[in-house]
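Here is a friendly briefing on a few local features that are worth a look before you set up any calculation. Please keep the viewer open as you read.

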Amino acid sequence: MKETDTAWRALPAHSPVYLALALCALLGCACAAPYNQVSPVITMEQLLWVSGRVIGAVDTYRIPLITYTPRGHLLAFTEARKYSSSDLGAKFIATRRSQDGGYTWSATSFIADDGTVADGLSLGAVVVDDETKNIFLIYSLCAHYLKCSTASIMITNSSNDGVTWSPPRNLSREVGTTMFEAGPGYGIQKKFSPSKGRLIVCGHGTLNEDGVFCLLSDDHGMHWRKGGKLQGLPFKQAKKMGDFTPDECQPYELPDGSVIINARNQYFYHCHCRIVVTSFDGCDSLPLENVRFDEGLTDPAVAAGALYKGGRVYFTNPSNATHRVNLTLRWSFDSGNSWQSDSFQIWPAASGYSCITSLSGRVEDQENIYVIYEKGRKDITESIAIVKINLYGNL
């Protein structure tokens with residue numbers, strides 16, 4: 001039975017897509033055409049954080065993450081940079097929680113605080129274990145080696161849907177002290193073989209030893225180890241424009257069990273576009289022969305959002321070859337091998353890092369995704385915004 005023969009039953013009864021497909025089903029006609037269209041519309045937008053010492057005397061909010069929770073809620077995270085917009089300096093990790101699909105949010109709370117250090121924490125990735133209902137947040141310390149010499153990967157978890165968080169644990173004894181910045185984005189739990197149930201968090205190293213590599217856990221986050229790595233070239237040398245330098249990245253899993261990692265092309269090797277690497281062994285390896293350059297995704301070197309949902313891949317980034325403007329949603333019907341010529345502009349002006357999630361459990365959730373992103377009129381550091389997008393709202 002085709003996906004489109006039953007997929008309409010999961011959609012809201014008031015949805016135009018539902019009505020069209022239900023009619024097709026009753027009449028016995030082909031149902032693929034309406035369901036295989038995407039026509040997005042923003043149905044909700046708000047600012048979660050505003051820079052400029054407006055909220056909590058924080059100078060700048062950057063690096064937004066968003067995830068669903070096991071109870072069907074939303075969690076948003078960001079770096080709260082205390083004194084400047086610089087990647088360096090002291091920070092909090094700020095979070096807010098929504099229990100009504102993103103319409104209202106809790107007050108900001110801070111779940112990590114690095115004090116007044118010169119090389120503060122770097123927010124990485126959030127990963128949900130759907131089997132144990134734990135939520136893990138991974139971040140790094142001393143990522144730039146400024147007035148410090150040893151990098152650390154830290155992990156904290158919540159067992160109550162993001163309401164409270166455990167004291168952070170240092171993973172250095174398990175994975176070493178080589179600098180690793182997860183994401184920024186979300187990690188995944190494999191839903192299909194091989195390595196079903198495995199937690200995977202991918203990120204990057206320093207610019208001199210840059211490249212994408214992954215951390216893996218096969219015991220629900222109790223222990224972690226290093227997985228596959230895609231090394232930058234030239235190996236262990238300072239990079240320059242045009243060198244192969246995969247950087248910040250977002251993994252997602254396809255129904256065949258393969259993991260796709262969509263990565264920032266830091267120095268524009270081959271193109272002003274994204275680097276994509278596929279793993280067929282649960283990220284135990286990231287073979288060089290599985291690398292391709294996605295020239296359909298023009299990119300100015302930035303952290304981007306990617307999500308597999310309902311047989312499609314969705315992707316967000318500032319769609320511009322050189323500037324962080326024009327945050328755009330793209331979609332693919334063939335697992336990200338090609339992208340539809342249509343696209344949807346979320347914000348035309350300054351826009352930076354983005355992250356995507358979706359909910360499940362309610363019929364309404366089949367139609368919607370959530371995008372959190374850096375938004376400004378002149379500069380991406382002005383605010384962190386969230387939008388709810390109905391993927392079929394204009395059909």
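C148 is partly exposed, at a relative accessible area of 27%, and in this predicted model C148 is bonded to C142 through a disulfide with an S to S distance of 2.1 Å. C142, by contrast, counts as buried at 4% relative accessibility.

**Disulfide C142–C148**

- The torsion about the S-S bond of C142 and C148 is about 105°, so this disulfide is right-handed.
- C148 falls in the partly exposed class because its relative accessible area is 27%, and that class lies between 20% and 50%.
- C142 is buried because its 4% is under the 20% limit.

**Disulfide C202–C214**

- The sulfur atoms of C202 and C214 are 2.2 Å apart, and the two residues form a disulfide.
- About the S-S bond of C202 and C214 the torsion is about 95°, so here too the link is right-handed.
- This pair ties together distant parts of the chain: C202 sits in strand β13 and C214 in strand β14 (residues 211–217), twelve residues apart.
- Both C202 and C214 are buried.

**Disulfide C271–C273**

- C271 and C273 make a disulfide with their sulfur atoms 1.7 Å apart.
- Is this link left-handed or right-handed? With -45° about the S-S bond, the link of C271 and C273 is left-handed.
- C271 is buried, with a relative accessible area of 10%.
- C273 is buried as well, with a relative accessible area of 2%.

- Count the bonded cysteines of the protein chain in sequence order, and the pairing reads 1-2, 3-4, 5-6.
- C249 takes part in no disulfide, and the nearest cysteine sulfur, that of C202, is 5.3 Å away.
- C249 counts as buried, at 2% relative accessibility.
- C283 is also in no disulfide; for C283 the nearest cysteine sulfur belongs to C214, at 4.1 Å.
- C283 counts as buried, at 0% relative accessibility.

**Cis peptide bonds**

- P184 is found in the loop between β10 (181–182) and β11 (185–186).
- S193 and P194 are likewise joined by a cis peptide bond, and omega is about 5° there.
- P194 belongs to the loop between β12 (188–189) and β13 (199–204).

- Y145 is a residue other than glycine with a positive phi, near 55°.
- Where is Y145? Y145 is in the loop between β7 (134–141) and β8 (152–158).
- Y145 counts as partly exposed, at 34% relative accessibility.
- S335 is not a glycine either, yet has a positive phi of about 65°.
- The loop between β22 (325–332) and β23 (344–357) holds S335.
- S335 is partly exposed, with a relative accessible area of 27%.

Terms used. Residues are numbered from 1 along each chain as its sequence is written. This is a predicted model: local features need pLDDT of at least 70, side-chain atom pairs count only at pLDDT 80 or more; totals for chains, interfaces and linings use all residues. Side-chain values use heavy atoms; hydrogens and water are left out. Helices (H or I, at least four residues) and strands (E, at least two) are DSSP runs, numbered from the N terminus. Buried means under 20% relative accessible area, exposed over 50%, partly exposed in between (1.4 Å probe, protein chains only). A disulfide is a pair of cysteine sulfur atoms within 2.5 Å.
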